[in-house]
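Please read the numbered points with the sequence and the structure at hand.

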Amino acid sequence: QVQLVESGGGLVQPGGSLRLSCAVSGFTKPHYAIAWFRQAPGKEREGVACFHAGDGSIYVSDSVKGRFAISRDSAKNTVYLQMNSLKPADTAVYYCAADFVPCGASIYDHWGQGTQVTVSS
């Protein structure tokens, strides 16, 4: 059974950094996308970044480009979202998702539980 386990969220001051982790298990083949989304209360869910295990392609949204980076440790079956220069506007619940879809897809079948990121002074 596919399972995603997230960690790394918390409270950080503006300008600070956090690294989110998403451990993925249950996939029997490598051609899947692992994506990060975020959603603040009352706002639409926003795609943040995506890594495709099949071809190694990476997508980072314009809103976080230059500040966030996505990477994968294949030995640990874990993807990371490194978040630097955090702003209060980055405050949201961050979710990781996985499916056999291209990066850029909006529909994913498998989701983590979400981890809260709060940027505040």
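1. Asp 90 is placed in the loop between strand 8 (78-83) and strand 9 (92-99); here strands (E, at least two residues) are DSSP runs, numbered from the N terminus. Asp 90 is buried, with a relative accessible area of 2%. In this note, buried means under 20% relative accessible area, exposed over 50% and partly exposed in between, computed with a 1.4 Å probe on protein chains only.

2. The model is a predicted one, in which local features need pLDDT of at least 70 and side-chain atom pairs count only at pLDDT 80 or more, while totals for chains, interfaces and linings use all residues. Residues are numbered from 1 along each chain as its sequence is written, and side-chain values use heavy atoms, with hydrogens and water left out.

3. Two strands are taken to pair if DSSP finds at least two bridges between them.

4. The individual pairings may be followed across the sheet. Strand 1 and strand 3 (residues 18-25) are joined in the antiparallel sense by five bridges, and Val 5 has Ala 23 of strand 3 as its bridge partner. Strand 3 and strand 8 run antiparallel and share six bridges; Ser 21 is partnered by Tyr 80 in strand 8. Strand 7 and strand 8 likewise pair in the antiparallel sense, over six bridges, with Ile 70 opposite Leu 81 of strand 8.

5. The hairpin of strand 7 and strand 8 has four residues between the strands, and Asn 77 takes a positive phi near 50° there. Within strand 7 is Ser 71, which is partly exposed at 35% relative accessibility. Not counting residues up to four places away in sequence, Ser 71 touches Thr 78, Val 79 and Tyr 80. Ser 71 and Leu 81 are 10 residues apart in sequence, and their C-alpha atoms are 6.7 Å apart in space. In strand 8, five of the six residues are buried, so this strand is largely enclosed by the rest of the structure.

6. How many disulfides does the whole structure hold? The search finds two, a disulfide being a pair of cysteine sulfur atoms within 2.5 Å. Cys 22 is joined to Cys 96 with an S to S distance of 2.2 Å, and this link is right-handed, with 70° about the S-S bond. Cys 22 in strand 3 and Cys 96 in strand 9 are 74 residues apart. Cys 22 is buried at 0% relative accessibility, and Cys 96 is buried at 0%.

7. The other disulfide joins Cys 50 to Cys 103, S to S 2.1 Å, and is left-handed, with -80° about the S-S bond. Cys 50 lies in strand 5 (residues 46-52) and Cys 103 in the loop between strand 9 and strand 10 (110-111), so the pair ties together parts that are 53 residues apart in sequence. Cys 50 is buried at 2%, whereas Cys 103 is partly exposed at 23%.

8. The largest nonpolar core has 29 residues, of which Trp 36, Val 48, Phe 68, Leu 81, Met 83 and Tyr 94 touch the most other members. Such a core is a set of buried Ala, Val, Leu, Ile, Met, Phe, Trp, Tyr and Cys residues joined through side-chain atoms within 4.5 Å. A second, separate core of seven residues includes Ala 35, Cys 50, Ala 97 and Val 101.

How values were computed
Contact = heavy atoms within 4.5 Å.
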